[in-house]
Amino acid sequence: MFYGTDDGNRLVDETNYPNSIKNFLDKEKNILVDNIKNHDVIIEVGCMEARNMESAIKNNKKYIGIDIVPKYIKIANRIAQKRNLTSTCEFLCIDAEKLDEILEKSKLLKDSRNPLFFFPFNSFGNMNNFNNVIKSIYNIKNSDFIIFTYQTDEKSTNERFKYYNNCNYNNLRAKKEEYGVRFIADNGLNSMAYNENFFQENIKKRGLDLNVKKFADIGIAYFISTKEKELER
């Protein structure tokens with residue numbers, strides 16, 4: 001597995017971030033904070049070492065971190081225990097393609113009336129099967145979701161190249177595919193940004209409520225809802 005290795009960890013080494021990525025992350029956090037006000041639990045999908053836990057704590061929200069890498073979950077648990085946050089923070093090793101497993105595994109989510117799931121920093125684009133993740137989202141009813149990812153225009157692609165190149169990945173290349181722009185490298189990097197039209201079509205054909213916001217020049221946020229009142233037509 002690429003993520004959880006030294007090569008994968010370069011993606012979250014701030015010394016590798018060009019200004020465009022720093023701006024992306026700053027604006028992403030602002031959008032997240034603006035949107036958690038009306039939610040009681042926020043769930044970070046691809047949390048690594050609980051990267052956005054602090055935003056939840058500062059806003060008096062419960063926090064659930066999800067990641068497929070067991071090492072990250074162990075580290076996040078230690079951080080929460082050290083800070084006496086185990087009653088309001090929870091960490092689960094779940095594959096985003098089976099995200100609906102959280103309905104059985106999470107204790108904090110059982111008492112939630114208005115949860116917000118979010119995929120930070122293009123964690124969505126690092127997942128293998130688009131359709132499986134969307135299906136899993138669809139199966140979690142009465143919830144809101146934000147997916148933060150990259151635009152696919154020339155500027156965004158160039159800034160992604162600078163970022164991944166700063167990580168010193170071997171034989172880095174960008175591939176324009178039918179559904180978006182994929183970056184791959186011999187080290188194991190495989191990161192996709194989906195075309196906006198493709199993304200919107202696949203969300204809407206499932207009958208899900210969707211709004212879109214572009215931010216930080218290269219970023220795009222998809223706001224999805226599975227709440228029944230918004231699905232009624």
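Analyst: Buried means under 20% relative accessible area, exposed means over 50%, and partly exposed lies in between. This is a predicted model.

User: Which residues of α6 are buried, and how wide is the arc they cover around the axis?
Analyst: In α6 the buried residues are Phe130, Val133, Ile134, Ser136 and Ile137. They sit on the same side of α6, because around the axis they cover an arc of only 160°.

User: What covers the buried residues of α6?
Analyst: The cover includes both strands and a helix. Among the elements are β4 (115-119), β5, β8 and α8.

User: Are α6 and α8 parallel or oblique to each other?
Analyst: The axes of α6 (residues 130-138) and α8 (residues 196-204) come within 11 Å. They cross at roughly 40°. Angles under 35 degrees would count as roughly parallel. The two helices are therefore oblique.

User: Which residues of α8 meet α6, and what is the hand of the crossing?
Analyst: From α6, the residues in contact are Phe130, Asn131 and Ile134. They meet Phe198, Phe199, Asn202 and Ile203 in α8. The crossing of the two helices is right-handed.

User: What is the distance between the end C-alpha atoms of α7?
Analyst: Helix α7 covers residues 154-166, which is 13 residues. At 1.5 Å a residue, α7 should span 18 Å. The model agrees, with its end C-alpha atoms apart by 18 Å.

User: Where do the buried residues of α7 lie around its axis?
Analyst: The buried set is Ser156, Thr157, Glu159, Arg160, Tyr163 and Tyr164. Down the axis of α7, its buried residues fall within an arc of 165°, so they line one face of the helix.

User: Which elements do the buried residues of α7 pack against?
Analyst: One partner is a helix, α2 (19-35). The strands are β5 (144-150), β6 (173-177), β7 (180-184) and β8 (190-194).

User: Which exposed residues are on the face of α4 turned away from its buried side?
Analyst: In α4, Tyr72, Ile73, Ile75, Ala76 and Ala80 are buried. They line one face, because they fall within an arc of 165° seen down the axis of α4. That buried set packs against α1 (6-9), β2 (62-67) and β3. The face turned away carries Lys74, Arg78 and Lys82.

User: Which residue takes a positive phi just after α4, and which just after α7?
Analyst: Just after α4, phi is about 55° at Asn84. Just after α7, phi is about 60° at Asn168.

User: Is Met48 buried or exposed?
Analyst: Met48 is in the loop between β1 (41-45) and α3 (53-58). Its phi is positive, about 50°, although Met48 is not a glycine. The relative accessible area of Met48 is 16%. The cut-off is under 20%, so Met48 is buried.

User: Is Asp217 buried or exposed?
Analyst: Asp217 lies in the loop between β9 (209-215) and β10 (219-225). Asp217 also has a positive phi, near 70°. Its relative accessibility is 52%. The cut-off is over 50%, so Asp217 is exposed.

User: Which residues does Glu97 touch, not counting residues up to four places away in sequence?
Analyst: Glu97 is in the loop between β3 (89-93) and α5 (102-105). Glu97 is partly exposed, at 21% relative accessible area. The residues it touches are Asn128, Asn129, Asn132, Val133 and Ser136.

Key
Residues are numbered from 1 along each chain as its sequence is written. This is a predicted model: local features need pLDDT of at least 70, side-chain atom pairs count only at pLDDT 80 or more; totals for chains, interfaces and linings use all residues. Side-chain values use heavy atoms; hydrogens and water are left out. Helices (H or I, at least four residues) and strands (E, at least two) are DSSP runs, numbered from the N terminus. The expected span of a helix is 1.5 Å times one less than its number of residues. Buried means under 20% relative accessible area, exposed over 50%, partly exposed in between (1.4 Å probe, protein chains only). The arc is that of the directions from the helix axis to the C-beta atoms. Contact means heavy atoms within 4.5 Å. Axes are lines fitted to C-alpha atoms, for helices over the stretch in contact, and angles run from 0 to 180 degrees between N-to-C directions. Angles under 35 degrees count as roughly parallel, over 145 as roughly antiparallel, 65 to 115 as roughly perpendicular and the rest as oblique. A crossing is left-handed if the near helix is turned anticlockwise from the far one by less than a right angle, and right-handed if clockwise.
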